[in-house]
Amino acid sequence: MRLAMDIGGTNLKLGLINDQGTVEKHEMYRMEDILSHSNFIEALKLCLNKFVGQNKITCGGVSSKGFIDSANGEVIDDVGLGKELRGFSICQILTNIYNAPFSIENDAKCYAWGEYKFGIGKKYKTFCCITLGTGIGCAYVDSGNLFSGGYPWGGVLGGHISIDRNGPTCDCGNIGCFEMYCSKNGILRILGESMPSMLASNDPVISFFNSVRNGNINSKEIFNDFLCNLATGLVTIINLYSPNAIILGGGIMNSYDIFLNELKEIVSERAFIVSGVECSIEKATLGNYAPLLGAAFLPKMEK
């Protein structure tokens, strides 16, 4: 059995996956609860022991937000909660626990790899995977290879391209970043400025998209800006990489029904001639399983 771990900005997800890619078991824990423990590693071990039980682990992978040193099996740096993970040789820790090989990669890359191995990415020679979640993740698959550039974290910073030079300052230090407008945190920021009453709901982002469906005029204005900003980010990425497809995942895609078709039209009109016409924009098919499957079947594990 393969053990997969997805360390996100909000949750820790665990999966037990067989060699055919079937997720046999899946559970989720709040990262805030684990990181608040006096000893992060011990808290993590408690979660793992409960989750794995008597299953024999043959290999595994870790999907993590942030800049990843896959060679040394650790997180180099990150923005926000992920900074707490710096310096932990997490793959070595897991190898010691289970006496099995483990690999680690950026969460967007794992998401993309999961879609390539088992999802809609199988259809395409090249594609960019954009995850619209707490932040915005980005990864590029080219002819069955994960793009890394000159450094291990190359290709993952699509969320930090600047789409507004007069925009707010991002935690990364840049100004007007893509994820300041089109991620969950970005939408919460905008709602806090324009519709603060909506922040009182259990899930303000879902409430926002529902209010758009119901024809709320104020929500519609914010939604139109969201759509324009999302198209701007995607057009920039398409013009840069010329992929066969953009695959969109993450929690915001739960509301894809009200924006995906219109998004495709705007991008087609604005992207550079051939790229705009030829590049497909698709919804990811694996949901929360994508980064777990990608982590469990990283290329390093298959060699």
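Reader: What do the buried residues of helix 2 pack against?

Author: This is a predicted model. In it, the buried residues of helix 2 pack against strand 1 (2-7), strand 2 (11-17), strand 3 (23-30), helix 1 (31-35) and helix 3 (90-98). Packing here rests on contact, with heavy atoms within 4.5 Å.

Reader: Which residues of helix 2 are buried?

Author: They are Phe 40, Ile 41, Ala 43, Leu 44, Cys 47, Leu 48, Phe 51 and Val 52.

Reader: Why do you say that these buried residues line one face of helix 2?

Author: Look down the helix axis. The buried residues of helix 2 fall within an arc of 160°, so they line one face.

Reader: How do you know that the span of helix 2 agrees with its number of residues?

Author: Helix 2 has 13 residues, 40-52. The expected span is 1.5 Å times one less than the number of residues. That gives 18 Å, and the end C-alpha atoms are 18 Å apart, so the two agree. Gly 53 follows helix 2, with a positive phi near 60°.

Reader: Why does Ser 211 count as buried?

Author: Buried means under 20% relative accessible area. Ser 211 has 9% relative accessibility, so it counts as buried. Ser 211 sits in helix 7 (residues 204-213). Leaving out residues up to four places away in sequence, it touches Met 198, Asn 216 and Ser 219.

Reader: What makes helix 11 largely enclosed by the rest of the structure?

Author: Count the buried residues. Helix 11 (residues 289-296) has eight residues, and seven of them are buried, so the rest of the structure largely encloses it. The seven are Ala 290, Pro 291, Leu 292, Leu 293, Gly 294, Ala 295 and Ala 296.

Reader: Which residues touch the most other members of the largest nonpolar core?

Author: That core has 45 residues, and Ile 130, Leu 234, Ile 246, Phe 259 and Leu 263 touch the most other members. Helix 8 gives the largest share, 11 residues. Take Leu 263: beyond residues up to four places away in sequence, it touches Leu 227, Leu 230, Ala 231, Leu 234 and Leu 248. A second, separate core has 29 residues, including Leu 3, Ile 34, Leu 35 and Leu 94.

Reader: What makes strand 10 and strand 12 the edge strands?

Author: The open sheet has five strands in the order 10-9-8-11-12, with mixed pairing. Strand 10 (145-146) and strand 12 (280-283) each pair on one side only, and these are the edges.

Reader: In which sense does strand 8 pair with strand 9, and in which with strand 11?

Author: With strand 9 the sense is antiparallel, over seven bridges. With strand 11 it is parallel, over five bridges. Two strands pair if there are at least two bridges between them. Cys 129 has a bridge partner in strand 9, Ala 139, and one in strand 11, Ile 247. A hairpin of three residues joins strand 8 to strand 9.

Reader: How do you know that both faces of strand 8 are covered?

Author: In a regular strand the side chains alternate between the two faces of the sheet. Thr 126, Cys 128, Ile 130 and Leu 132 lie on one side, Phe 127, Cys 129 and Thr 131 on the other, and all are buried.

Conventions
Residues are numbered from 1 along each chain as its sequence is written. This is a predicted model: local features need pLDDT of at least 70, side-chain atom pairs count only at pLDDT 80 or more; totals for chains, interfaces and linings use all residues. Side-chain values use heavy atoms; hydrogens and water are left out. Helices (H or I, at least four residues) and strands (E, at least two) are DSSP runs, numbered from the N terminus. Buried means under 20% relative accessible area, exposed over 50%, partly exposed in between (1.4 Å probe, protein chains only). The arc is that of the directions from the helix axis to the C-beta atoms. A nonpolar core is a set of buried Ala, Val, Leu, Ile, Met, Phe, Trp, Tyr and Cys residues joined through side-chain atoms within 4.5 Å.
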